[in-house]
Amino acid sequence: MKIPFNSASLTKKELEYVTEVLRSGKISGNGIFSKKCTEFIQNNFGIKQAFLTTSGTSALEAIALFLDLEPGDEVIMPSFTYPSTANAFLLRGAIPRFCDIRNDTLNLDENLIEALINENTKALVPVHYAGTACEMDTICALTKQYKLALVEDAAHGIGGRYKDRFLGSMGDMSAFSFHETKNIISGEGGALLINDEEMVERAEIIWEKGTNRTKFFRGEIDKYTWVDVGSSFLPSELNAAFLWAQFEHLKESQDRRNFLWKRYNEGLKDIKGLDLPQHPEDIIHNSYIFHVILPNGEMRDGLMKHLKTLGILAVFHYIPLHSFPVGHSLGYREGELPITEDMSKRLLRLPLFHTLKEKEQNEVIKGVRQYMQ
Ligand SMILES: *Cc1c(COP(=O)(O)O)cnc(C)c1O
């Protein structure tokens, strides 16, 4: 492909910081770079306590472990998401209850959530699609009223805002992803975000294999013990050093992404029959995805093919979770979530990464125009 869909955007400092870690002789987790990254997340995104994890998936798994879910418990989430959102809770024996989405933001339709809540419901998991916030006022009111845990899957969401609050800072617990395809990357990586002070101590223990070793490292106790269930969720310092280089350049990377996102928007907005991303006035998204919505599935596939012949890779997602074999085994059938199914067939994502050149972007825009004529 002449123009890839994604390319890992580096800042030139990654190698230097990783080398620094190698020279230091201390490469396991929770070292100096991990602390820098953690503090950066806390200071810049309004998070009470952050813990780096080996992936966004593992952050969600730590959250599900924390919630002490039991077989039969239910967790409400969109079907229009990545399997990790559901797997984390399935692993604990809980049942995902899929809620349909809005046809503008492609986020949970806040008006359909309440009908899914029952005595088994334990948590509500909004996914902020493309770094565009879900309707959090309504969602927070529901979790308060029904005493549910609020878990933000903010895998797309770093830096995005709902009114004056950052994505990831509103849930009791939230997850970021630093996978190669996201805005800020460390190869594989993520963060567990805790916003309830009372949850911090236990989260730290679950994160460190069920031990209070972090307390021991801080000198608060004279030996560490096994005190709870847990797992190894922390990444090595090599990943943290890489991530720190990304954080240092966050503003430049984000500005570049916003610039390219707006450029797509300007370049495509007058095309009849092509819907562009929509979001409410009072939210600030993070330009994670630029997608177009075609009038129907055949045209989506047609545009994807046309771009391919021009050497441009455009991709679609998400195939709704409820339409996969695992979704069927949970009792779901096609037709149950009409907006999710419709959007999934008509959506196409255009190449978007920091190092995409304007000349390349022009070719993508031209290719889309050609097809839509
Ligand atoms: C990427 C992603 C995840 C998983 O993150 P990883 O870091 O790849 O494990 C979870 N949820 C959503 C919505 C994602 O896009």
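Modeller: Among the elements that cover the buried residues of α6 are β1 (49–53), α3, β9 (190–194) and α7 (213–217). The model is a predicted one, and what follows should be read with that in mind. Helix α6 spans residues 200–207, and because 7 of its 8 residues are buried, this helix is largely enclosed by the rest of the structure. The residues concerned are V200, R202, A203, E204, I205, I206 and W207, so listed because each falls under 20% relative accessible area. After α6 comes K209, which has a positive phi near 60°; in general, most residues other than glycine have a negative phi.

D68, which is not a glycine, has a positive phi of about 50°, and D68 sits in the loop that runs between α3 (56–66) and β2 (74–78). D68 itself is partly exposed, its relative accessible area being 47%. S287, again a residue other than glycine, has a phi near 55° and belongs to the loop between β10 (283–284) and β11 (291–293). S287 is buried, with a relative accessible area of 2%.

A peptide bond also deserves attention when you inspect the backbone. H317 and Y318 are joined by a cis peptide bond, with omega about -25°, and Y318 lies in the loop between α10 (297–309) and α11 (325–329). In general, most peptide bonds are trans.

Turning to the cysteines, the structure holds 0 disulfides. C99 takes part in none, and the cysteine sulfur nearest to its own is that of C134, 9.9 Å away; C134 likewise is in no disulfide, with the sulfur of C99 as its nearest at 9.9 Å. C99 counts as buried at 2% relative accessibility, and C134 is buried as well, at 0%.

Leaving aside neighbours within four places in sequence, E135 is in contact with R102, E110 and Y162. E135 and I283 are 148 residues apart in sequence, yet their C-alpha atoms are 9.5 Å apart in space.

The chain as a whole gives these details their setting. The protein chain has 13 helices and 12 strands, and of its 373 residues, 55% are buried. Among contacts between residues at least 6 apart in sequence, 69% join residues at least 24 apart. The radius of gyration is 21 Å, which agrees with the value near 21 Å that a compact globule of 373 residues would have, while the C-alpha atoms fill a box of roughly 70 × 55 × 35 Å along the principal axes. The accessible surface comes to about 16600 Å², and carbon and sulfur atoms account for 52% of that surface. As for charge, the chain carries 42 positive and 50 negative side chains, and the centres of the two sets lie 6 Å apart.

Terms used:
Residues numbered from 1 in each chain as written. Predicted model: local features only at pLDDT ≥ 70, side-chain atom pairs only at ≥ 80, totals over all residues. Heavy atoms only, no water. Helix = DSSP H or I, 4+ residues; strand = E, 2+ residues; numbered from the N terminus. Rg over C-alpha atoms; globule rule 2.2 N^0.38 Å. Buried < 20%, exposed > 50% of the residue type's maximum accessible area, 1.4 Å probe, protein only. Contact = heavy atoms within 4.5 Å. Areas by Shrake-Rupley, 256 points an atom, 1.4 Å probe, with all protein chains shown as cover. Lys, Arg positive; Asp, Glu negative; His and termini not counted. Charge placed at Lys NZ, Arg CZ, Asp CG, Glu CD. Disulfide = S-S within 2.5 Å.
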